[in-house]
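Subject: Structure handover

Hello,

Here is the structure I promised you. Please open it alongside this email.

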Number of protein chains: 2
Amino acid sequence: MKKVKISNNVIRRMPRYLRKLDELRAKGLNRVSSAELSRELGLTPSQIRQDFSCFGEFGQQGYGYNVDSLRDSIALVLGADRAYKAILVGIGNIGRALMDNFCFAEWGIELVAAFDVDVSAIGTSRNGVPVYSAEELYDYTVKKQVDIAVLAVPGAVARDVARNLTELGIDAIWNFTNVDIKEPYSDLIVENMHFSDSLMALSYYITERNELMARREAVGNE
Amino acid sequence: MKKVKISNNVIRRMPRYLRKLDELRAKGLNRVSSAELSRELGLTPSQIRQDFSCFGEFGQQGYGYNVDSLRDSIALVLGADRAYKAILVGIGNIGRALMDNFCFAEWGIELVAAFDVDVSAIGTSRNGVPVYSAEELYDYTVKKQVDIAVLAVPGAVARDVARNLTELGIDAIWNFTNVDIKEPYSDLIVENMHFSDSLMALSYYITERNELMARREAVGNE
């Protein structure tokens, strides 16, 4: 596999390919061409070939891709074979939604424990994942070599908790709070699930479309 | 305001500016320079000035930006004054998390109703938002001129529900399912909250960093 710096945009398209290939596989398809992937995904075939070429050769010109092996190659690229260990910090609604409904294992991640300050939850487990007291975070993290912290605490304490986690040696955070926890130029790896950013983008696109339609209508009425 | 097509990357940075400005405002700051914003956000000052210039002039060279008016200008650009009406479809864990904890109003969106097939939930309300039967969706949508559907149904039915919603005239979907619901080249506006994509990207960045560190160590040991 080539070792070049891959752009963010390419990385972000890879999980989309993965989902599409899972879908094709579920339909019993064995081979898929970049033209077919292109139609399914609304990307150009050359874009798709170029994306895949970042990671070496996934297929053979003219023969299309083997669905299974393309799927597995992309999963490897994305680290799905690494079995990274994750802990969940905060089991409010979002934290519980993740524990109950999100299949970490499907994506090669092992959710090993959850932590909260709510005494009624401590000592219980959800979906096979034990809930510990926030006070046990330090010992646990050191002993179990945790790779990822899933941050689902209230926004008001997000930065403090993130700082504590990095001091415990955790250097990758999946951030479900509405707060930017990454200090500029720090090495911390953060993936943000900022709900409000996504909603604001949606709102922008609606406004843009409505304004475009209003202008078209104005022109039509002239 | 200029009417040019703004790139996706710029749109996606705008909510980040908004959050940062909210934070500065909460601290009592009145003015901020692009250099200060740059330090806070880890972007270059010229990047920031260029982003803002897409929407006309937000500040005056050399004087920095007025925090309040910059904040409000960005909110306007993002359509936060439009009071778009949203409905929630599906009140499983994610749906409930949104109803209980996500402040739609703060972002200029009015969550007017939720819909589900669970008979025990129908007729109740959460956080002031009524829960109706999925069968009432049609009448409601037509009567109330809904702008946005928040899709939080199980993945297995996501595409069918999305198709029904678009047939009801809804053309903007905030998609919390793990399924790509947008047909290529359709006009439907979709904002995806694909949890797994974000986790896969995180996993990739961890793998990339670990490999880089391993190579550095190998060189160091030579």
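My notes follow, starting with the interface and then turning to the sheets.

Please keep in mind that this is a predicted model.

**The interface**

How many residues of chain A are in contact with chain B? The count is 72, and they meet 72 residues of chain B. Together the two chains bury about 6,200 Å² between them. Carbon and sulfur atoms give 59% of that area. Three residues stand out on the chain A side: Arg19(A), Met200(A) and Tyr204(A). They supply 11% of the area that chain A buries against chain B, more than any other three residues.

Arg159(A) forms a salt bridge with Glu23(B). Their closest N and O atoms are 3.0 Å apart.

Which elements of chain A give two or more residues to the side that touches chain B? They are helices H1 (8–26), H2 (34–41), H5 (93–101) and H8 (195–221), plus strands E8 (172–175) and E9 (189–192). H8(A) gives the largest share, 18 residues. By class, this side of chain A has 36 nonpolar, 15 polar and 21 charged residues.

**The sheet in chain A**

Chain A has an open sheet of 7 strands with mixed pairing. The order is E5-E6-E4-E3-E7-E8-E9. Strand E5 (125–126) and E9 of chain A are the edge strands, and each pairs on one side only. E8(A) and E9(A) run parallel, joined by 4 bridges. Within that pair, Ile173(A) stands opposite Val190(A).

Helix H7 (155–167) of chain A lies across strand E3 (84–89), strand E7 (148–151) and E8 of chain A. H7 runs at about 170° to E7(A).

**The sheet in chain B**

Chain B also has an open sheet of 7 strands, in the order E5-E6-E4-E3-E7-E8-E9, with mixed pairing. The edge strands are E5 (125–126) and E9 (189–192) of chain B. Strand E4 (109–116) and strand E6 (129–133) of chain B pair in the parallel sense over 3 bridges. What is the bridge partner of Phe115(B) in E6(B)? Tyr132(B).

Helix H7 (155–167) of chain B packs on the sheet. This helix touches strands E3 (84–89), E7 (148–151) and E8 (172–175) of chain B. Its direction makes about 170° with that of E7(B).

Best wishes

Key: Residues numbered from 1 in each chain as written. Chains lettered and ligands numbered in written order. Predicted model: local features only at pLDDT ≥ 70, side-chain atom pairs only at ≥ 80, totals over all residues. Heavy atoms only, no water. Contact = heavy atoms within 4.5 Å. Buried area = accessible area lost by both parts, 1.4 Å probe. Salt bridge = Lys/Arg side-chain N within 4 Å of Asp/Glu carboxyl O. Nonpolar A, V, L, I, M, F, W, Y, C, P; charged D, E, K, R; others polar. Pairing = 2+ DSSP bridges. Axes fitted to C-alpha atoms, helices over the stretch in contact; angles between N-to-C directions.
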